[in-house]
Amino acid sequence: MEPHTHFIEQRASLPRNMIENTMFEEEPDVVDLAKDSTAFPALEPDEVVYEPRSSRLLVRGLGENDLDDEEEDYESSARLLGMSFMNRSSTHNSSSSPYNRQAPPRLCSCPSARMLVVGVFILVLVASMAMALYFLPGCTFTKAGCGKANSSIPMEPSYPNSTNGELFPWNELRLPASVRPVNYDLSLTPNLTSMTFTGRTVINMTILHDTKRIVLHSSELIITKATFQDKSVEVKVLEYKPWQQIAVSFLEDLKVGQVCVLTLDYAANLSHTYDGFYNSSYNDKTGAKRVLAATQFEPQAARKAFPCFDEPAFKATFLVRITREPGYITLSNMPQAKTTTLPSGLLEDEFEQTAVNMSTYLVAFIVANFTSITRNVSNTLVSVYSVPEKKEHTHYALDTASTLLHFYNTFFHIDYPLRKLDLVAIPDFLAGAMENWGLITFRETSLLVGNQSSPLDKQLIANVVAHELAHQWFGNLVTMRWWNDLWLNEGFATYWQYTSLMTEFPQLDLDNVFLGVRFKAMAKDSLNSSHPVSVSSQVTTPEQVSEMFDSVTYEKGASLLLMLKTTLPDGQFRKGIIKYLDNYRGSNTVTEDLWNSLTQVGQESVSDMMRTWTLQNGFPLVTVSRKGDIHAHTHSHTLTHTHALSRTRTLMHAHTRSHSHIHTHTFRPTFLCVLLSLWHIPVTYVNDNCSSAPSCRQIFTLRNKTATLNVSDSVKWLKLNYMNTGFYIVHYGDEGWATLIDALKTDINTLTPHDRASLIHNIFALSRLGRVSFRQVLNLLDYTTNETETAPLTEALSQLSSVYRLLDKRQEQRLLARMKVYIWGHFGQLMDSQDWGEEESVSRQELRSVLLEMACSLGRQNCTDQATALYDQWTNSNQTKQIPGDLQQVVFSTAAQADLRWLSLMEAYSSTTYDSEKRKILQALASTQDPRSIVWILSTGLEGGIIQTQELPLVISTVSDGFAGHLLVWDFVKENWDRIIEKFPVGSYPIQSIIKSTTSQFSTQTHLEEVQGFFSSLKERGSQMRSVQESLETIRLNQLWMDRNLPTLRIWL
Ligand SMILES: [Zn+2]
């Protein structure tokens, strides 16, 4: 899935203070562990549920961790065991409340010595219990289940009441593993007039363990009839609504190996939200309302369309039949097999049975009046569908999809397994796109683009298409076992979207975009409330599952894959990936399976390094201290953040092979917490003798807290993290920074543009850590008067812009004025020299739009005059005189600041059929500083209609950026919270975006308390979301940042 707001968010939220983060820690996790362990219930055979296999591997992994300190080993063991225990007991915990968020895994608690002793004692007890349970014969954490061995611990499970008052025979959110579905036979009859549907689901299944119950998912379906085996024998279906489960109980055991058939007839309303089997509508070119029905099942909404075992590991085959009126078409995952005319005059389309086993969240079907264009690629018929009037906008998507399908087929050595691949633009669709196997659904703005649209608009379409196509392998063919490892789907799809496009469409300039994505991932991951890429703690409730769809899962996941790829010997990454796909095609995996596949094709274990990156949140800061007296550069740096680094370690020396005359650069990675957070960092570096070509890059793995790297006498400086492919930041010390800045001032091309962007990103982050003064940030930025490349300029402007927006919300007028002078001084000339005509290069387009959007939004006369003139030409020519696509946003947003032009834009919004243009106009309308217009646009977005509700998160984030609307929009969200969560589920990406955009620019105690008060009052309607914790943490950090930096800014700016 591709959350749409990915592409519209400003990436430069402030990098956070990683050191300060630990101040929000509460207690060490050994305490939790002890509590959990005493509450651990007895297991009955059916109560063994599918668990992430990582829990087993974690336990097995003890001792393999090469942390070289005994205490650390104990701590890590505690944590690892704790995680595995929490995993097992998680469903038990949640039985007390379906919405109990377990505290995030406390990776970085630093207990006192006494706590440590107590912890170790408890740990030994717990470890013994864990090992005993783990090694009980036949009692693993897998679906193999437990035998009677556990019955020596008597504890009666308590069951909830079904809707009819009888006891429901299951008490876990996860389904029992005793039954496995094999095939679903689905018949659906939607009625697009009454907006209802009826269905019949026939499920063939096998019994894996003797059991007296079949438990599966169903949500908002009214089961009208149920039969088991022989269709004449009706059975009673019990329902437990809070967990969206139904069950059938039997007096006698269903026996292992038995094959069963459960047939369920049901009725339901088509959903009026964006998930399940939902209705959608649009106005055709005559203005008439047309309706359609489509599906969106990921992550857990297949159960709203048909009763099913709605967990990704329950893969099965599907045969789908849909009844329709003539005049509509139907689509599903597979090609159509036949159409039958029913006595009622309706038509029934039957699709081929799926050729592959697949997870329920990938099933899809559509009833609509779409038209398509098609092309054959290898053995696959590729089609792009849209509403008839937008057929002309489908060609670019078809070209891109065809090229990429061929690319992936070749690259992965496994052909796309289906005979057809449809890409469908749905007029009302919340996500950016969804990778349903063979039937990928898109928001119109993510798939349709006019021929004359700018390359920048096409870049967005190519991105989404590349992402969803990659999922056909990563996600569809090989699927994560459970949502805690969602990154195996999304991190990969994100990684491939950039790398496939860089290869096949180099003109789209994706390497700059990918760099920005890595910076964005760090901004989020530096928050204490972030989570590991591979989550070992509880991910159980629907809200927790939804929250997995975030920047860490997608963007940090992709960043880690890039780091790994650039670390391994040439070709090993690709070989390992092919091995992984081959090993697990058609089945489910956990993260460790990926590392094992990569290890199989190389010399060294990949797990040892990668576990340190995927099992803990955050990232390292590597500090370089230069020692030795060559050139009189004698420096010895002492680390100053004492609360986390109170213990010292023996300096470890690692010598590079060929250099004997030395001065030394000592690398000190510093961490959120010294006890637990050690990474294996593949440190890459270049030096002044050879600094920009890829062949200059050297690599050194930093496994311990400290190491020494010896380099030749002639080396004046080192730049670490070549091309910023590693997920860490670097501090060079005062002297080191000064040398690098001098080098850049002498010759800007001594470093690659990505390395220059990396330095800018890192120094802003360090300034926020309090590690360098703001003066040093400005010292580095001085070189930018000679900068003309997109990556470093974009990074500098976005960092400055985020500081500016924060000061703006505090109404620091004098500082704002001085900051403007500073920006004009450094970038004004470049802004004024931009051309406003057509531009071919995507990279130049990106740079031009960033420069001009900042210039016009800060009121630079030259910019606003040009933008207004272009806008007037456009309207006066009745929109026939085109505005270059990359300039549309700045032109529309500038025009929207004047009342009359805002009104004319509103008219243009209603009439345009170009989706990318429409979206830019909407953003411009929302950027107005007129409070009445802001209130109108917010309420219209919530109503739907003129502005579709799917656009509300975009409207809210745009309004939040401006001064006039940032308080209004916060009030709006508070007042309308219940209506908002009706449309966008709690925990979903749009809700995360709404919370972040409305609160992330607050920086006062009053706002902190207000935000805290509001969310805690929501209780089960949202107070437990991770994004709420992130929001509170962000406000606290903004406060700290202001306290620390306002005086400095006043002095230095
Ligand atoms: Zn995706």
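Buried means under 20% relative accessible area, exposed means over 50%, and partly exposed lies in between, using a 1.4 Å probe and protein chains only. The model is predicted, so local features need pLDDT of at least 70 and side-chain atom pairs count only at pLDDT 80 or more, while totals for chains, interfaces and linings use all residues. Residues are numbered from 1 along each chain as its sequence is written, and side-chain values use heavy atoms, with hydrogens and water left out.

**View 1. Asp485 sits in the loop between β20 (479-480) and α9 (487-504).** Strands (E, at least two residues) and helices (H or I, at least four) are DSSP runs numbered from the N terminus. Asp485 is buried but has no salt bridge, meaning a side-chain nitrogen of Lys or Arg within 4 Å of a carboxyl oxygen of Asp or Glu. Lys and Arg count as positive, Asp and Glu as negative; His and the chain ends are not counted. The nearest side chain of opposite charge, Arg481, is 7.8 Å away.

**View 2. Cys690 and Cys696 form a disulfide.** This term covers a pair of cysteine sulfur atoms within 2.5 Å. Here the sulfur atoms are 1.9 Å apart, and the link is left-handed, with -80 degrees about the S-S bond. Cys690 is partly exposed at 32% relative accessible area, whereas Cys696 is buried at 7%.

**View 3. Cys856 and Cys863 form a disulfide.** Their sulfur atoms are 2.0 Å apart, and this link is left-handed, with -105 degrees about the S-S bond. Cys856 is buried at 9% relative accessibility, and Cys863 is buried at 3%. A search of the whole structure finds two disulfides.
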